[in-house]
Amino acid sequence: MLEIDNLVVELGTQAVLEGVSATIERGSWVGLVGPNGAGKTTLLRAVAGLIDYRGEICIDGCPAPRRRPRAMARLVAFVPQRPLLPSAMTVSDYVLLGRSAHHHVLASETRRDRRIVAAVLERLELKPFARKPVGELSGGEAQRAVLARSLAQEAPLLVMDEPTTSLDLGHGQLVLELADSLRREHGLTVLAALHDLTLASQYAERLLVLSGGRVALDGPAADVLDQASIERVFGASVEVLAGRDGLVVAPVRPRRSAAGQAGSRSATPIASLR
Amino acid sequence: MGTVEGDQLRDLGRARLLTRQPRGGLSEPELRLFDDPGDLEAGIHPTRLRPGHVALGIAVLLAAAVASLLVGPADLPPGAVLAQVASRIPLLDVHSHLSATDVAVIWQLRMPRIVLGALVGAMLALAGASYQGVFHNPLADPYLLGVASGAGLGATIAIILLPQLLSWPVSPLPLSAFAGAILAVAATFALGRSGQKLRNASSLILSGVAVGAFFTAAQTFLQQRSTPVLQEVYSWILGSLSTAGWSDVELILPYVAVASVVLVSCRGLLDALSVGDDEAKSVGVRADRVRLIVVIAATLGTAAAVAVSGLIGFVGIIVPHTIRLLVGPSYRRILPLALLFGAGFLVLADLVARSVLSPGEIPIGVVTAFLGAPFFLVVLRQSRRFA
């Protein structure tokens with residue numbers, strides 16, 4: 001479905017991604033994790049064709065049509081981390097924007113566009129809000145509206161950048177469950193950055209751990225998430241437990257004594273301050 | 001649009017198109033996540049232009065035009081004026097008993113002035129609404145971005161430096177005004193962008209103010225150096241439709257027509273721009289390209305309008321914002337209605353301008369600014385609430 005080969009992105013003079021390669025199978029869910037500034041958002045934006053890059057991104061064996069946003073929008077749907085919500089626009093108008101690449105540039109939406117929007121709203125339980133302004137939605141409803149807009153694109157690859165950031169646990173699970181059920185039913189391919197490692201291990205079949213603009217680890221959650229790797233990549237003290245649907249990554253307080261944990265913590269600046 | 005057959009035909013046509021072109025080599029058909037055959041779309045009401053709003057706009061324009069036609073220093077009997085107009089409508093057997101002079105007053109003075117006012121008003125309101133859309137800036141109008149003062153400088157240069165050219169079959173004045181306007185918008189764009197975010201309302205307005213001040217200064221310098229044409233330049237700047245004849249109408253009609261068609265066809269794209277350039281791109285809309293096309297079309301139309309009518313301010317902000325308050329934020333509604341209400345508004349403003357001190361005239365720019373300045377403050381308060 002998606003092949004990324006030696007992807008390099010430079011923003012200004014700084015290299016944010018330094019040779020990222022990965023392959024994502026059709027119908028799979030790949031989670032993207034990594035500390036702040038690792039380049040997760042940049043990678044997702046490159047896949048969605050929103051920024052310039054060097055290297056190759058192939059979708060279904062063909063180079064991504066990155067110079068043609070309309071063609072890109074039919075292949076990749078992107079859920080940004082902080083969407084810009086036009087507060088006075090109605091929810092159905094907002095979700096209809098997802099159909100922009102399907103009808104003629106200057107034409108208005110077709111009957112099929114309206115039908116798809118209706119079905120998406122139904123599926124995401126947004127039907128009652130169809131005529132409400134986006135600005136009057138709660139955080140969870142607004143996040144679902146953004147997801148609805150990207151699902152209306154009917155693109156085979158769904159790219160989400162921290163879709164649960166602004167949501168409480170329940171609404172976060174709702175969004176992820178929705179994406180997962182669509183993946184199972186329709187063969188949607190999902191690439192999602194998630195900062196919560198527990199959620200990432202529960203939903204993603206495979207994790208791509210990004211660190212300093214490179215892929216540090218790549219594999220099933222059970223293989224890549226262990227206490228040592230998390231401490232190394234994230235500089236975090238955790239306990240990794242076995243849960244019902246995946247791992248549970250529980251933060252623990254770093255040991256304060258110089259003796260026990262000094263070896264693994266000394267690399268991080270926070271530890272050196274103490 | 002709206003008939004079942006038409007929609008189905010269009011869908012069929014698109015489906016054929018999709019199977020013919022693989023689009024970036026996608027081997028499988030696009031994902032059909034939600035292709036439910038049921039009649040679900042009943043609950044979906046995309047924002048559309050309402051016939052009632054259009055009818056109201058036409059009514060306002062017609063009322064303004066009729067009132068304008070009937071009022072004037074020549075003091076013609078209203079019944080005879082209407083009869084004279086009706087007599088020009090084919091298939092209607094109406095005769096008026098006006099003298100040849102009175103007929104000329106109607107057809108060579110009042111009528112072209114109304115049409116010119118309508119064209120200029122429609123263009124300024126539409127350009128203002130379009131600027132507001134592409135710049136995500138509720139306070140943008142042709143004046144604030146420096147278009148008008150750029151056109152002003154261009155027109156002044158034409159009047160002062162190229163007087164002999166004014167006898168050309170095609171007047172260089174609108175061309176020169178157009179060049180000045182393009183230059184001013186380009187400068188405002190460049191300055192606003194150096195503040196990094198094009199979306200930033202204040203940096204754009206500030207750069208527009210700076211560019212406008214610069215062009216106005218250059219214009220003032222030029223006109224002070226050429227006192228013989230001072231009056232001509234001044235009367236042009238203050239804005240007036242009084243020199244109107246059909247030639248002015250013919251001059252700007254093509255510009256206004258082309259610009260209006262382009263801008264109104266971009267109405268749906270302007271709605272897509274409201275999610276920001278990035279997200280617009282992710283749903284397949286090139287914001288930068290839309291912005292460029294809209295700015296070019298709006299600048300072209302504004303320059304033509306300003307060239308024949310002078311610097312009439314605030315129309316581009318009063319009219320779109322009034323419409324926005326009435327029908328909501330969708331440009332699918334605002335742009336077409338801006339045409340109608342802009343036309344009606346300026347015809348009314350011109351009526352005020354030439355009847356308050358009749359037989360003298362107030363410059364029409366004074367009338368619109370008199371109404372516009374207080375309105376501008378109201379809009380400012382509103383936009384602060386949303387910010």
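1. Ground rules. This is a predicted model, with local features needing pLDDT of at least 70, side-chain atom pairs counting only at pLDDT 80 or more, and totals for chains, interfaces and linings using all residues. Residues are numbered from 1 along each chain as its sequence is written, while chains are lettered from A and ligands numbered from 1 in the order in which they are written.

2. The A/B contact. Chain A puts in 51 residues and chain B 40 residues, a contact being two residues whose C-beta atoms, placed from the backbone, lie within 7 Å. On the chain A side, helix 2 (69-75), helix 3 (91-96), helix 4 (111-123) and helix 6 (169-186) each supply at least two residues. Helices (H or I, at least four residues) and strands (E, at least two) are DSSP runs numbered from the N terminus. Helix 4 of chain A gives the largest share of that side, 10 residues. By class, the chain A side has 30 nonpolar, eight polar and 13 charged residues. Here Ala, Val, Leu, Ile, Met, Phe, Trp, Tyr, Cys and Pro count as nonpolar, Asp, Glu, Lys and Arg as charged, and the others, Gly among them, as polar.

3. The sheet in chain A. Four strands make an open antiparallel sheet in the order 2-1-4-5; strands pair if DSSP finds at least two bridges between them. At the edges sit strand 2 (14-24) and strand 5 (62-63), each pairing on one side only. Strand 1 (residues 2-11) runs antiparallel to strand 4 (residues 54-59) over five bridges, with A:D5 and A:E56 as bridge partners.

4. The hairpin. Strand 1 of chain A also pairs with strand 2 of chain A, antiparallel over eight bridges, and A:L11 stands opposite A:Q14. Two residues lie between these strands, and A:G12 in the turn has a positive phi of about 65°.

5. Helices 4 and 12 of chain B. The axes of helix 4 (residues 100-135) and helix 12 (residues 287-309) come within 9 Å and cross at roughly 150°. Axes are lines fitted to C-alpha atoms, for helices over the stretch in contact, and angles run from 0 to 180 degrees between N-to-C directions. So helix 4 of chain B is roughly antiparallel to helix 12 of chain B (over 145 degrees; under 35 is roughly parallel, 65 to 115 roughly perpendicular and the rest oblique). Their contact residues divide into 13 nonpolar, four polar and one charged.

6. Helices 4 and 9 of chain B. Helix 4 packs on helix 9 (residues 246-265) at about 30°, with the axes 10 Å apart, which means that helix 4 of chain B is roughly parallel to helix 9 of chain B. Among the residues meeting here are B:L119 and B:L126 from helix 4 and B:I252 and B:V256 from helix 9.

7. Phi values worth a look. Most residues other than glycine have a negative phi. A:N6, not a glycine, has a positive phi of about 50° and is found in strand 1 of chain A. A:N6 is exposed, with 12 other C-beta atoms within 10 Å. A:E154 has a positive phi of about 55°, and is not a glycine either; A:E154 lies in the loop between helix 5 (139-151) and strand 7 (157-161) of chain A. A:E154 is buried, with 23 other C-beta atoms within 10 Å. The cut-offs are 20 or more such atoms for buried, 12 or fewer for exposed, and partly exposed in between, with C-beta atoms placed from the backbone.
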